[in-house]
Amino acid sequence: MHTKCCKQLSCLWVTLQSLIFVIYTQENLIGTLLAIFGNLLVSISVSIQKQSHVALAGNKDPRHYYYTKSWWSGLMLMVLGEGALFVSYAFAPLSLIAPLNAVSVICSKLNAEHYNIPILVFVERYILTFLGCVLTAGGTYLFVTFGPNSHEKLNAENIVKHVIGWPFLLYLLLGIITFCLVLYFYKQRDANYLVLILLLVALLGSVTVITVKAVSGMIVLSILGPLQLSYPIFYVMFICMVATIVFQASFLAQASHLYDSSLIACVNYIFCTTFAIVAGAIFYQEFYHEDVLHICMFLLGCTICFLGVFLITKNKRKLKGFEPYVTMDMVKGIPTIHNKGWAVQPDYNGSFSYGALENNDSVASVPLPGDQELSISPSPVSPYQPSELKKD
C-alpha cells in the first residue's frame with residue numbers, strides 16, 4: 001500500500017513538472033494571461049469586501065466583518081489573484097507585467113460605480129471614463145504585442161550576476177540617494193506632497209518587483225528540477241521583497257489620509273510602472289536584444305495606458321459638503337440639525353450652543369435640565385423668539 005501511494009505521488013509530481021515545463025516554454029503568453037487574471041480577481045475581491053462592509057453598516061448589523069461569508073469569499077479571491085500575479089513574474093518579463101495593473105484600475109472603476117448601469121447609459125453619462133477604458137485597452141494591446149520577449153532562466157547564478165553588475169549597482173546607488181533626499185524633505189521639512197510620497201513608494205516598488213521576479217522564478221525553476229532554494233541569494237531576495245512591501249504599504253496608507261484615492265491610484269500607477277520598466281531594463285536587461293521599432297511601440301502603448309488611466313480616475317463625481325441648519329424639531333429638548341432633510345443629532349457633553357455643532361467659548365452654554373424642558377440661563381446673547389425661528 002505504501003509503495004502504491006509513493007508511485008502515485010511520483011506520477012503526480014512528474015505530471016506537474018511536465019505541465020509547468022509546457023507552460024514555461026510559452027514565454028510571455030502564460031505570464032500575460034496570469035497577470036490579467038490576477039488583476040481581475042484582486043479588483044473583484046476588493047469590491048466584494050467593500051460590499052460586505054456597506055451591507056453591515058446599512059443593516060446596522062453588530063457583527064464584525066470577518067464573521068460574514070462575503071468578506072471571506074473576497075479574501076480567498078484576493079489570495080488567488082495575488083498568487084496568480086506572483087507566478088506571472090516567473091513567466092514573462094518584468095516590463096510586460098507591471099503595466100498590466102491598468103486592468104485592475106479599469107475593473108475597479110466599473111465595479112465601484114457602474115456595475116448597475118447599462119452600457120449605453122454608462123457611455124453617455126461617463127464619456128471620459130469610457131474613453132479612458134478604450135485608450136487603456138488599446139495601449140495594453142500595443143505594449144503586450146511589442147513588449148520584450150527576452151526571458152532567461154532565473155537560477156541563483158544569474159541572479160547573483162545581475163546583482164553584482166555595475167548597471168544595477170549604479171541604479172541602486174542613485175535610488176538610495178534619491179530615496180534619502182525625498183525622505184528627508186518629507187519627514188524633516190513636512191513636505192507632504194503627493195508626488196514626494198508616491199515617489200518613495202515607486203522607488204521601493206522598483207526593488208520589490210525585482211525581488212518578486214527573482215523569488216518567483218527561482219521557485220518555479222526549483223519545481224522543474226534543479227533546486228534553487230538552498231542558495232543564500234534566494235533568502236536575501238525574499239527578505240528584501242517582504243521589507244519593501246511593508247514600507248510601501250506604510251507610505252500608501254499615509255498618502256490615503258491626505259489625498260483622494262482616485263488621484264493616488266493615477267499617480268501611483270504612472271510612477272510605479274515607469275520605475276518597474278526601468279528596473280527591468282537595468283537589472284534583467286529585458287530590452288537588450290530588442291530593436292528600436294519595438295521599443296518605441298512599447299513605450300507608445302505605455303503612454304496611451306497612462307493617458308487612459310488618467311481619464312478613468314479624473315472623472316469622479318464630486319461629493320457635496322455637509323451644510324447643517326437647525327430647526328425647531330425638538331427631540332427631548334435637543335435641537336435637530338438637518339442636512340437636506342436627514343436629521344442628525346449633535347454631540348453634546350452636558351451642554352450645547354444653539355445653532356452650532358460645537359460649543360463656542362464666546363457664547364454662554366445652556367445646561368440640559370433633568371426634565372425634558374429647555375431652560376435658558378441668562379447670557380449676553382438675547383434669546384430668540386419662536387416666531388423668529390426658521391420652520392421646515
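Rings of Phe, Tyr and Trp (for Trp, the six-membered ring) count as a pair if their centres lie within 6.5 Å. The exercises below apply this and related criteria to a predicted model.

**Exercise 1. State how many aromatic pairs the structure holds, and which residues form one aromatic cluster.**

Solution. The count of aromatic pairs is nine. One aromatic cluster is formed by Phe 143, Phe 287 and Phe 298.

**Exercise 2. Decide whether Thr 208 is buried or exposed, and find the partner of its side-chain polar contact.**

Solution. Step 1: Thr 208 is located in helix α10 (residues 194–224). Step 2: its relative accessible area is 9%. Buried means under 20%, so Thr 208 is buried. Step 3: setting aside residues up to four places away in sequence, Thr 208 touches Thr 244, Ile 245 and Gln 248. Step 4: with the side chain of Gln 248, the side chain of Thr 208 makes a polar contact at 2.8 Å.

**Exercise 3. Describe the largest nonpolar core and the surroundings of Ile 159.**

Solution. Step 1: the largest nonpolar core comprises 43 residues, and those with the most contacts inside it are Phe 143, Ile 159, Ile 210, Met 237 and Tyr 284. Step 2: beyond four places in sequence, the contacts of Ile 159 include Ala 214, Ile 233, Met 237 and Tyr 284. Step 3: another core, of 17 residues, lies apart from the largest one; Phe 179, Leu 198, Leu 199 and Cys 272 are among its members. Step 4: Tyr 284 also has Lys 213 over its ring face, at 5.6 Å from the ring centre.

**Exercise 4. Summarise the protein chain as a whole.**

Solution. Step 1: the protein chain has 13 helices and five strands. Step 2: of its 392 residues, 37% are buried. Step 3: among contacts between residues at least 6 apart in sequence, 72% join residues at least 24 apart. Step 4: the accessible surface is about 23,400 Å², and 67% of this belongs to carbon and sulfur atoms.

Notes: Residues numbered from 1 in each chain as written. Predicted model: local features only at pLDDT ≥ 70, side-chain atom pairs only at ≥ 80, totals over all residues. Heavy atoms only, no water. Helix = DSSP H or I, 4+ residues; strand = E, 2+ residues; numbered from the N terminus. Buried < 20%, exposed > 50% of the residue type's maximum accessible area, 1.4 Å probe, protein only. Polar contact = N/O pair within 3.5 Å; in protein donor to acceptor, adjacent residues only side chain to side chain. Contact = heavy atoms within 4.5 Å. Core = buried A, V, L, I, M, F, W, Y, C linked by side-chain atoms within 4.5 Å. Areas by Shrake-Rupley, 256 points an atom, 1.4 Å probe, with all protein chains shown as cover. Phe/Tyr/Trp six-rings, centres within 6.5 Å; stacked < 30°, edge-to-face > 60°. Lys NZ or Arg CZ within 6 Å of the ring centre and 35° of its normal.
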